[in-house]
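Thanks for making the time this morning. I would like to walk you through one model, going from its overall fold to its side-chain contacts, so please have the display open.

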Amino acid sequence: MGKKDAGATKLPVDQYRKQIGKQDYKKTKSALKATRLKAEAKKTSSGFRDAFLVIAAILFFVLCIYAFFYLNLSTELNLDVDVD
């Protein structure tokens, strides 16, 4: 079995990867650079979005606690006014 015979039995996955690689070479360098920059921007923006969501959740939780105590205390004050 020679080298040519061994190369003919490639996996379909390897053939697919080779075909995809050839398609990337067909693209211009500016298109590849734009795609790479877009992917990097998406990665960095997700960090900001996650941080914003965590801060928003904490603020919502604090607001819920504040509203709970505000409503409980305001009803007690109204009852005191009615009793007098």
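**Helices, confidence and contacts**

The protein chain has three helices and zero strands, where helices (H or I, at least four residues) and strands (E, at least two) are DSSP runs, numbered from the N terminus. Read along the sequence, that gives the pattern α-α-α.

Before going further, let me be clear that this is a predicted model, in which local features need pLDDT of at least 70 and side-chain atom pairs count only at pLDDT 80 or more, whereas totals for chains, interfaces and linings use all residues. Residues are numbered from 1 along each chain as its sequence is written, and side-chain values use heavy atoms, with hydrogens and water left out.

As for confidence, pLDDT is the predictor's own score for each residue, from 0 to 100, and the protein chain averages 77, with 70% of the residues scoring at least 70. Confidence is lowest in helix α1 (residues 3-7), at a mean of 56, and highest in helix α3 (residues 29-83), at 81.

The protein chain has an accessible surface of about 8400 Å², of which 67% belongs to carbon and sulfur atoms. Buried residues make up 0% of the 84 residues, if we take buried as under 20% relative accessible area, exposed as over 50%, and partly exposed as in between (1.4 Å probe, protein chains only).

How many salt bridges does the structure hold? It holds one, by the criterion of a side-chain nitrogen of Lys or Arg within 4 Å of a carboxyl oxygen of Asp or Glu. Arginine 17 forms it with aspartate 14, the closest N and O atoms being 4.0 Å apart. Because these two are three residues apart in helix α2 (residues 12-26), about one helical turn separates them. Arginine 17 counts as exposed, at 57% relative accessibility, while aspartate 14, at 36%, counts as partly exposed.

Finally, the aromatic pairs: rings of Phe, Tyr and Trp (its six-membered ring) pair if their centres lie within 6.5 Å, with planes under 30 degrees apart counted as stacked, over 60 as edge-to-face and the rest as tilted. A search of the whole structure finds two such pairs. In one, the rings of tyrosine 66 and tyrosine 70 have centres 6.2 Å apart and planes at 15 degrees, so this pair is stacked. These tyrosines are four residues apart in helix α3, and therefore separated by about one helical turn; tyrosine 66 and tyrosine 70 are both exposed. For phenylalanine 68 and phenylalanine 69, the ring centres are 5.5 Å apart and the planes at 65 degrees, so that pair is edge-to-face.

Technical notes
Accessible areas come from the Shrake-Rupley method with a 1.4 Å probe; for residues, only the protein chains shown count as cover.
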